[in-house]
Amino acid sequence: MNISNNSLTHMLVTTKRKQTVAGKTQSQVESCLLSVKDNNVSITSLTKDLTGLTHVTTSVDSCDDTSFPIPDIDRVLGILALHGATVKLSYNKANSKLVFKSGSKQTTLDASPDALAFSHSQDTISDHTDRSMLLAERIDSMGGVYTTADGGKINSIACYTINSTEMFEALRCDNMNGQKFNRYTFSGEKKGLSVLVGDPSIGGETLTKVTVEGLSPIEPPKWEWSFDGGLDELFKQFSGPCNLHVFDFTEHGQGMRIAINFGNGSWAFQSGILA
């Protein structure tokens with residue numbers, strides 16, 4: 001499979017869902033499965049704590065349906081950093097070798113879908129991908145509908161069309177003066193959407209009123225909830241308009257959740273903080 005280096009790098013960086021916890025930067029996803037179907041390449045992966053899910057996709061020229069195990073996202077990003085603009089990817093199941101080619105360079109990496117998905121986990125990459133796909137199939141990030149395990153439907157209480165870059169600028173204020181709390185409080189009232197981050201006693205608390213370019217319903221119910229999951233790093237990877245759906249699971253004792261559709265086939269889902 002031939003794929004743009006930039007596109008593959010973008011997919012992997014987005015999938016990692018980097019976040020800072022207790023002052024330490026960590027990846028929420030360490031490995032994944034790169035799937036090819038109908039000339040579309042995609043990655044669908046739950047985060048390690050199962051509170052977030054990311055689906056990223058891009059198109060490629062003619063390629064048979066197949067899959068490529070990515071055993072360590074950081075190592076693969078290190079390989080891509082030293083390869084050309086277009087990379088040919090191939091996988092030999094017989095000897096579990098993943099091969100990257102560009103120009104005169106060829107890099108080989110041991111890789112297997114049976115490798116562990118996380119360094120401290122019993123789930124394999126294949127198992128974790130299957131679990132991720134099962135949840136992804138229940139989330140309609142475009143229409144704003146979540147299907148429960150028993151088949152029930154939960155519709156989003158609000159859908160905000162916003163600019164990804166503006167949201168990133170609001171979220172990254174969490175890093176002001178090195179705070180990095182990885183906590184973002186979203187609130188909706190009447191036709192407005194706000195994001196609150198930071199601590200006034202440490203590095204500064206910042207409230208941003210995000211520009212709402214579109215809204216459904218016209219005046220949704222008032223709501224507020226805090227999220228983590230490195231959302232600043234997620235929005236950093238995208239530009240242009242996106243739709244942010246808000247789901248209310250409070251009557252199920254599960255807080256609130258958001259789904260963000262970036263309008264290019266890629267989307268993400270994040271559960272709110274419960275305690």
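Let's start at Thr 124, which sits in the loop between strand E10 (105–110) and helix H3; helices (H or I, at least four residues) and strands (E, at least two) are DSSP runs, numbered from the N terminus. This is a predicted model, where local features need pLDDT of at least 70, side-chain atom pairs count only at pLDDT 80 or more, and totals for chains, interfaces and linings use all residues. Residues are numbered from 1 along each chain as its sequence is written, and side-chain values use heavy atoms, with hydrogens and water left out.

**Thr 124**
- Thr 124 counts as buried because its relative accessibility is 13% (buried means under 20% relative accessible area, exposed over 50%, partly exposed in between, with a 1.4 Å probe and protein chains only).
- Beyond its neighbours within four places in sequence, Thr 124 is in contact with Pro 113, Asp 114, Ala 115, Leu 116 and Ala 117 (contact means heavy atoms within 4.5 Å).

**Helix H3**
- The buried residues of H3 are Ile 125, His 128, Thr 129, Ser 132, Leu 135 and Ala 136.
- Viewed down the axis of H3, these buried residues fall within an arc of 125 degrees, so they line one face of the helix (the arc is that of the directions from the helix axis to the C-beta atoms).

**Helices H1 and H2**
- The axes of H1 (residues 5–16) and H2 (residues 73–80) come within 10 Å and cross at roughly 155 degrees (axes are lines fitted to C-alpha atoms, for helices over the stretch in contact, and angles run from 0 to 180 degrees between N-to-C directions).
- The contact includes Leu 8 and Leu 12 of H1, and Val 76 and Leu 77 of H2.
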